[in-house]
Amino acid sequence: MKHKTALKYATDLDLVQQAVLDDRSRHLRRLIFRAIENGGRGHIGPALSLVEIIRVLYDDFVRHDPANPKWRERDRFILSKGHGCLALYAVLADRGFFDLGELDRFCHFDSFLGGHPETVVPGVEACTGALGHGLSIGLGMALAARMQGRDNKVYVLMGDGEINEGSVWEAAACADKHHLSNLTAIIDYNKIQSAGSVFEIQNMEPLADKWTAFGFRVFECNGHDVDDLRQVFREAAAYAGDRPRAIICHTVKGKGIPAAENNPDWHHKSDLKPAELQIVRSALGS
Amino acid sequence: MRKRSLDMVHTLAKRDERVVFIGSDLSPNLLGEMKKEFPSRYYMEGIAEANVIGMAAGMAMDGFIPYVNTIATFITRRCYEQVAIDLCLHDLPVRLIGNGGGYVYAPLGPTHEAIEDIAIMRALPRMTVTAVCDADEMTRLMDATLDWPHPIYIRLGKGGDPVISKAERGFAIGKAIDMIDSETGASDVLLISTGVATTQALKAAGSLAADGIRCRQLHVHTVKPLDADAIVDAASKTKLVLTVEEHSVIGGLGSAVLETLSDRLTGALPPVKRLGIPDKFAEHYGSQAKLMEDFRFDAKGIDAAVRKHLAELRR
């Protein structure tokens, strides 16, 4: 895909495309499709690019207690790109925040799992869905932690289309001003927004330079390689400076379903046809 | 009223460690004493209203009570989605203090005139909308905000407004205040007003009473939740209802009163007339008082409107 600005990333983008998913990643994707099949709809591409990021965060970094979701000392994770909520629901259910069976009721009239996450869901910190809200809320939480003397961290995961929103950059400037070293911005850089390529719709390159210019210590990684994710989150955690962190995760929209990968048509789907479900099953197994 | 409101933030901060102040590029040294005493709970942020609202939400989610202050148009229009979602959907105790409700900034023109702030704030579920009439009442409101569990919009007047409120009439969020003593509650005209328009209405009530017109006046410092019981009761005992507000006639106090009477009044609806800002942006500068006079909701305009409508009823 051609774009105006040459990408200069240390991460090999071919390796991102080729990343092989392990059993756990495929299991989490099956949970996502369990919800989509029962709910009759869902944002597919935007959830599939997130799975490894959220999985690694909850498996290894985000301090949490599924039995006590409001634990005061917990780390806060905000999924600012709320339309990727199926990945978060899969991980939260898998970790025991709520029963896996709730996934079967996704978007049902009386389910707490809607098409965008709300705080009625155990483990969800903020109602998101309108884009460009999460980083400001996250920095407020980071300031609250500082005022209350808590050492917990705040993670905010945003989409690459979402960062078109001006409010994201208002928040970035503010996080820099307050030296919020307890705040980490994570960008799901799958390079496709709803209408098409981010390089055609609204190019944000040079992206790493932008975050650096806004005062963040920038890291990047292959967002589907769990070892690379762990390594970079460890490096980011070990960074001792007083700047907020930004982790650019190179990902593939629709990762794990070849027909959906890099395909804007799989951004959101209603009523998957039997042939499409067959494509999903053959990609993920059952 | 503005100074009292901000001084009260400092007072509340002394009383309760959950209180935080967040300003968006306001005057230098604003709340300087609070900044000195509680530097960690004093934030003067940039010109970034959307961010400031989200930041306040994040703090409130972790137990703080942020008082956010900037010009009324900016704190309502500019960041409406943040107010709706970050504050109202999460039902957080964040207080929005809007400088210059109505025509306070008349010399600065329409970009700075908050003429629909009550309407748009009122349309949001869980939002409480207040417009007190003077500095003393502001003290009572600010006292009450500490334990109110929902977001609040606090509309400010110009400052230096005459003090007409009385402590003995009490104060509770959501409770209208009878401004004129009356044994039976019956009246020829029921004036219902909010903010500094209450001062104008009270003045008009004086000149009308001098001519034997029985006036009752409800001051509605809380437009939402509206004191429906008081309004319905008073409306059932009058010949004419006149609402007065320094706000667009679309969606503000007058609309709220009409909706309530339409929904709740079981008997015949008395004529209800609305005074306020017509559906237009100001075409003049000058002063707040001059624009209120121009749109005929100053004391003189209210007096004239009451006499005219009562005369129509007699015909």
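Residues are numbered from 1 along each chain as its sequence is written, and chains are lettered from A in the order in which they are written. Because the model is predicted, local features need pLDDT of at least 70 and side-chain atom pairs count only at pLDDT 80 or more, while totals for chains, interfaces and linings use all residues.

## The two chains

Chain A has 11 helices and nine strands. The radius of gyration of chain A is 18 Å, close to the 19 Å that the globule rule gives for 286 residues, so chain A is as compact as a globular protein of that length. Chain B holds 12 helices and 12 strands. For chain B the radius of gyration is 19 Å, close to the 20 Å given by the globule rule for 315 residues, so chain B too is as compact as a globular protein of its length. Helices (H or I, at least four residues) and strands (E, at least two) are DSSP runs, numbered from the N terminus. The radius of gyration is taken over C-alpha atoms, and the globule rule is 2.2 Å times the number of residues to the power 0.38.

| Chain | C-alpha span along principal axes |
|---|---|
| Chain A | about 50 × 45 × 30 Å |
| Chain B | roughly 65 × 40 × 30 Å |

Buried residues make up 51% of the 286 residues in chain A, and 54% of the 315 residues of chain B count as buried. A residue is buried if 20 or more other C-beta atoms lie within 10 Å of its own, exposed if 12 or fewer, and partly exposed in between, with C-beta atoms placed from the backbone.

## Contact between the chains

The contact takes 22 residues from chain B and 19 residues from chain A; two residues are in contact if their C-beta atoms, placed from the backbone, lie within 7 Å. On the side of chain B that touches chain A, the elements giving two or more residues are α3 (49-61) and α5 (80-89). The largest share, nine residues, comes from α3(B).

Helix α6 (residues 134-148) of chain A meets α3(B), with axes that come within 6 Å and cross at roughly 45 degrees. That makes α6(A) oblique to α3(B). Axes are lines fitted to C-alpha atoms, for helices over the stretch in contact, and angles run from 0 to 180 degrees between N-to-C directions. Angles under 35 degrees count as roughly parallel, over 145 as roughly antiparallel, 65 to 115 as roughly perpendicular and the rest as oblique. Residues making this contact include A:Gly140 and A:Leu143 of α6(A) and B:Gly54 and B:Met55 of α3(B).

## Inside chain B

Within chain B, the axes of helix α8 (residues 197-210) and helix α12 (residues 299-314) come within 8 Å and cross at roughly 50 degrees. The angle makes α8(B) oblique to α12(B). Among the residues in contact are B:Ala204 and B:Leu208 of α8(B) and B:Ile302 and B:Val306 of α12(B).

B:Leu96 lies in strand β4 (residues 95-99) of chain B. This residue is buried, with 28 other C-beta atoms within 10 Å. Leaving aside neighbours within four places in sequence, B:Leu96 is in contact with B:Val68, B:Ile75, B:Ile152, B:Tyr153 and B:Ile154. The C-alpha atoms of B:Leu96 and B:Asp188, 92 residues apart along the chain, are separated by 37 Å.
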